[in-house]
Amino acid sequence: MKITVILILISIFFILFAIGAFYVAMKEHAALKKAEDENKKQKQQAAENAEIISKANQTKADARTGNHNSDFNFIAGKLHDYANR
């Protein structure tokens, strides 16, 4: 009788321990998934920023030809395009 009670208590203890371990594992998994999603979003944003910077540098290079009248008209056209968006 005593041994049965002890075995039941030990079983309950192990079941509670298993439930707790499962809960901790699920929390860690959720945290890793969240970090992975955030990292993916940051990489995508970095790629978009690199593309924007590349376009801006190309516009800057196109605007510095040395012909001031042409450069002025080019930048005025770009500003006009931005204003119409």
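# Chat about salt bridges and helix contacts

User: Hi! How many salt bridges are there in this one?
Analyst: Hello! This is a predicted model, and the count comes to two salt bridges, taking a side-chain nitrogen of Lys or Arg within 4 Å of a carboxyl oxygen of Asp or Glu.

User: Nice. Which residue does Asp37 pair with?
Analyst: Asp37 pairs with Lys33, and their closest N and O atoms are 3.8 Å apart.

User: And where do Asp37 and Lys33 lie?
Analyst: Both are in helix α1, which covers residues 2-63. They are four residues apart, about one turn of the helix.

User: Is Asp37 buried or exposed, or partly exposed?
Analyst: Asp37 is partly exposed, with a relative accessible area of 39%. Lys33 is also classed as partly exposed, at 44% relative accessibility.

User: OK, what about Glu51, which residue does it bridge to?
Analyst: Glu51 forms a salt bridge with Lys55, and the closest N and O atoms are 3.6 Å apart.

User: Why does Lys55 count as exposed?
Analyst: Lys55 counts as exposed because its relative accessibility is 54%, and the cut-off for exposed is over 50%.

User: Changing topic: which residues form the nonpolar patch on the surface?
Analyst: The patch is formed by Val5, Ile8, Leu9, Ile12, Ile15, Leu16 and Ile19. Together they have about 670 Å² of accessible area.

User: Let's pick Leu9. Is Leu9 buried or exposed?
Analyst: Leu9 counts as exposed, with 55% relative accessibility. Leu9 lies in helix α1.

User: Last topic, the helix contact. At roughly what angle do the axes of α1 and α2 cross?
Analyst: They cross at roughly 145° and come within 9 Å. Helix α2 is residues 68-83.

User: Which residues meet there?
Analyst: From α1 you have Thr59, Asp62 and Ala63, and from α2 you have Asp71, Phe74, Ile75 and Lys78.

User: How many of the residues in that contact are nonpolar, polar and charged?
Analyst: The contact of α1 with α2 has three nonpolar, one polar and three charged residues.

Note on methods
Residues are numbered from 1 along each chain as its sequence is written. This is a predicted model: local features need pLDDT of at least 70, side-chain atom pairs count only at pLDDT 80 or more; totals for chains, interfaces and linings use all residues. Side-chain values use heavy atoms; hydrogens and water are left out. Helices (H or I, at least four residues) and strands (E, at least two) are DSSP runs, numbered from the N terminus. Buried means under 20% relative accessible area, exposed over 50%, partly exposed in between (1.4 Å probe, protein chains only). Patches are made of residues with over 30% relative accessible area and no salt bridge: like charges are joined within 9 Å, nonpolar side chains (Val, Leu, Ile, Met, Phe, Trp, Tyr) within 5 Å. Accessible areas come from the Shrake-Rupley method with a 1.4 Å probe; for residues, only the protein chains shown count as cover. Axes are lines fitted to C-alpha atoms, for helices over the stretch in contact, and angles run from 0 to 180 degrees between N-to-C directions. Contact means heavy atoms within 4.5 Å. Ala, Val, Leu, Ile, Met, Phe, Trp, Tyr, Cys and Pro count as nonpolar, Asp, Glu, Lys and Arg as charged, and the others, Gly among them, as polar.
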